[in-house]
2 protein chains.
Amino acid sequence: MRIVCLAGGIGGARFLRGLRAAAPDAELTVVVNTGDDITMYGLRICPDLDTVMYTLGGGIDEVRGWGRQDETFHAREELQAYDVPTAWFGLGDRDLATHLVRRQMMDAGYPLSQVTEALCARWQPGARLLPMTDDRVETHVRVRTATGERVVHFQEWWVRHRAALPATAIVAVGAQDATPAPGVLEAVAAADLVLLPPSNPVVSIGTVLQVPGIADALAAKPVVGLSPIVGGAPVRGMADACLTAIGVETSAEAVGRHYGARSDGGLLDGWLVDTADAGVAVPGVEVRAVPLLMRDAETTTQMARDALRLAADLSGG
Amino acid sequence: MRIVCLAGGIGGARFLRGLRAAAPDAELTVVVNTGDDITMYGLRICPDLDTVMYTLGGGIDEVRGWGRQDETFHAREELQAYDVPTAWFGLGDRDLATHLVRRQMMDAGYPLSQVTEALCARWQPGARLLPMTDDRVETHVRVRTATGERVVHFQEWWVRHRAALPATAIVAVGAQDATPAPGVLEAVAAADLVLLPPSNPVVSIGTVLQVPGIADALAAKPVVGLSPIVGGAPVRGMADACLTAIGVETSAEAVGRHYGARSDGGLLDGWLVDTADAGVAVPGVEVRAVPLLMRDAETTTQMARDALRLAADLSGG
């Protein structure tokens with residue numbers, strides 16, 4: 001079976017690990033959000049790609065959910081000692097090596113998709129990781145501050161301010177003019193099934209879908225999604241702040257309706273919500289309630305099995 | 001008193017620390033070799049500038065003589081795990097922050113001299129550190145290998161091969177077209193004295209002198225040098241390999257003669273050699289034998305005092 005997943009960072013990465021365990025023989029392609037990417041100190045940092053790669057490759061810090069295990073932050077301490085204004089970013093010493101290799105390869109002319117492939121030659125994630133695009137896309141957020149509105153990079157809002165500044169707009173700059181990375185549309189076209197992991201529906205999945213051509217390609221495929229909202233709150237991260245910014249309620253039902261039914265010009269055929277949200281209805285979409293908290297490897301694998309089960313049921317399999 | 005020193009890395013930096021102790025009230029300007037600089041992973045690495053800055057600023061690893069104290073090498077370990085061909089370079093995690101700041105500033109349009117000034121705002125080296133030039137100069141070495149001759153960056157020869165490959169030529173690429181960094185010629189013009197620390201006479205001092213205008217400016221000033229060769233061998237490093245490459249014998253006398261007498265179109269008024277080399281003669285140059293091993297702070301400070309004493313005697317002071 002060929003499966004394509006769209007994915008953001010931590011939530012998506014953990015789900016993918018469960019999916020790999022649930023369907024070890026599936027040929028898995030992950031189309032990863034790059035709207036979170038940021039250039040700092042001349043390095044191109046791709047948080048979602050790296051989180052997925054480290055998680056599937058066994059190098060992730062399991063507690064934080066991002067960055068490398070056995071990590072140190074000595075370079076960052078020094079950046080703080082230099083009084084660098086961007087030292088709020090959590091740049092680990094081991095993680096830095098990934099950005100150095102990426103920078104070296106990009107300087108040599110390689111697009112991000114080929115850099116990702118080269119990095120994965122070490123990590124062996126057991127899935128094909130593709131950036132959504134090789135073009136530069138950066139999510140910017142308009143925030144309200146005490147002194148008026150200003151626009152900041154997503155990372156500044158998310159990491160530095162922990163999404164505490166109210167967002168009045170979220171824009172994936174460059175997305176409209178971006179082209180899907182080589183292999184993305186081909187993978188979707190060849191897929192038996194598309195899964196939307198419980199990633200952020202606005203700044204992760206939503207950004208991938210803004211790259212022209214990707215949403216259209218999905219329209220030809222069965223799509224099952226998993227709600228990142230459980231009992232009216234995000235399972236992790238601050239997805240509520242993103243949903244509020246685009247005028248969507250923070251609930252499993254509202255996110256399901258935001259994605260919409262594929263039969264009605266939306267995305268979804270099936271929508272998994274948590275048992276706490278049993279009874280949710282999304283017109284035109286088969287909704288099923290199962291445990292959606294990724295407590296450990298087993299519960300996560302079971303979630304993936306449930307998603308595959310729903311897909312199979314929808315196709316009469 | 002205003003003193004200008006030309007300097008390379010470890011030997012020069014240690015001597016400068018002694019000089020600062022010997023002449024705490026002197027206004028000290030250091031013109032630092034940048035021919036060792038190298039671009040790796042998009043970062044501009046300036047080993048000599050950083051060694052002098054860390055040494056005078058109290059951040060150096062005293063045992064290695066280069067890089068930061070309390071250093072870790074996790075990023076480098078990861079570069080090795082990625083099988084990066086340049087992972088032989090000793091890039092420490094704390095040290096990396098310096099290169100990240102430099103890169104950020106250079107991307108913003110600042111020349112190396114201004115970057116250096118900004119970095120020194122943190123380190124407070126107690127001396128003005130100037131790169132010899134803001135232009136790109138890189139020392140390349142033609143080496144003889146089992147399969148023929150090839151040209152490598154100085155760092156590859158020095159660090160990776162520990163200068164073990166015989167060098168048949170050493171060329172500071174770009175030096176002939178370089179301009180002294182802002183402040184260099186002004187500092188020399190205002191100096192009461194120029195000192196040549198026991199830095200590598202070929203790839204450190206020799207490279208600085210290749211930048212058009214610097215040697216001419218020195219011709220108007222009293223110059224005292226300290227031999228980096230003691231008893232026919234370099235005190236540290238592999239200066240002998242460099243001297244051999246340019247056809248100069250590895251001896252205190254030969255290096256003194258290589259620099260030559262200022263009165264005869266060379267550089268020197270005075271030349272300090274080690275007591276082991278007492279009896280050395282350099283025509284037209286006042287040679288004095290004193291202990292030249294920088295065993296500790298006191299012996300190093302005494303070396304600086306001896307250099308200042310020789311200069312004072314030469315000027316009849």
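How does B:Glu149 count at 44% relative accessibility: buried, partly exposed or exposed? At that value B:Glu149 counts as partly exposed, where buried means under 20% relative accessible area, exposed over 50% and partly exposed in between (1.4 Å probe, protein chains only).

## Ground rules

This is a predicted model, where local features need pLDDT of at least 70 and side-chain atom pairs count only at pLDDT 80 or more, while totals for chains, interfaces and linings use all residues. Residues are numbered from 1 along each chain as its sequence is written, chains are lettered from A and ligands numbered from 1 in the order in which they are written, and side-chain values use heavy atoms, with hydrogens and water left out.

## Salt bridges within chain B

Back to B:Glu149: its side chain meets that of B:Arg142 in a salt bridge at 3.1 Å, N to O. The term stands for a side-chain nitrogen of Lys or Arg within 4 Å of a carboxyl oxygen of Asp or Glu. B:Arg142 is partly exposed too, with a relative accessible area of 35%. Over all chains, the structure holds 36 salt bridges.

Another one links B:Arg64 to B:Asp61, with the closest N and O atoms 3.5 Å apart. Here B:Asp61 counts as buried at 15% relative accessibility, while B:Arg64 is partly exposed at 25%. Then there's B:Arg309 with B:Asp313, whose closest N and O atoms are 3.1 Å apart. These two are separated by about one helical turn, because they sit 4 residues apart in helix 12 (residues 297-314) of chain B; helices (H or I, at least four residues) and strands (E, at least two) are DSSP runs, numbered from the N terminus. B:Arg309 is partly exposed with a relative accessible area of 44%, and B:Asp313 is partly exposed at 34%. Salt bridges that share partners also join A:Arg68, A:Arg94, A:Arg122, B:Glu77 and B:Glu78 into one network.

## Where the chains meet

Chain A puts 31 residues in contact with 31 residues of chain B, contact being heavy atoms within 4.5 Å. The area buried between them is about 2500 Å², and carbon and sulfur atoms give 59% of that. Buried area is the accessible area (1.4 Å probe) that two parts lose on being put together, summed over both.

Between chain A and chain B the count is 8 salt bridges. In one of them, B:Arg94 pairs with A:Glu78, the closest N and O atoms being 2.8 Å apart. On the side of chain A that touches chain B, the elements giving two or more residues are helix 2 (47-57), helix 3 (74-81), helix 4 (93-107) and helix 5 (112-123) of chain A. Helix 4 of chain A gives the largest share, 10 residues.

## The nonpolar core

The largest nonpolar core has 116 residues, and A:Leu16, A:Leu19, A:Leu195, B:Leu16, B:Leu19 and B:Leu195 touch the most other members. Such a core is a set of buried Ala, Val, Leu, Ile, Met, Phe, Trp, Tyr and Cys residues joined through side-chain atoms within 4.5 Å. Not counting residues up to four places away in sequence, A:Leu195 touches residues including A:Ile3, A:Phe15, A:Leu19, A:Val224 and A:Leu308.

## Helix 11 of chain A

In helix 11 (residues 252-259) of chain A, the residues A:Ala252, A:Ala254, A:Val255, A:Gly256 and A:Tyr259 are buried. The buried residues of this helix pack against strand 9 (193-196), helix 8 (205-210), strand 11 (229-230), helix 10 (239-245) and strand 13 (270-273) of chain A. Just after helix 11 of chain A, A:Gly260 takes a positive phi of about 80°.

## A loop and a strand in chain B

B:Ala146 is found in the loop between strand 6 (138-145) and strand 7 (148-153) of chain B, and it is exposed, with a relative accessible area of 87%.

B:Val173 itself belongs to strand 8 (residues 167-173) of chain B and counts as partly exposed at 41% relative accessibility. Leaving out residues up to four places away in sequence, B:Val173 touches B:Arg136, B:Val137, B:Glu138 and B:His140.
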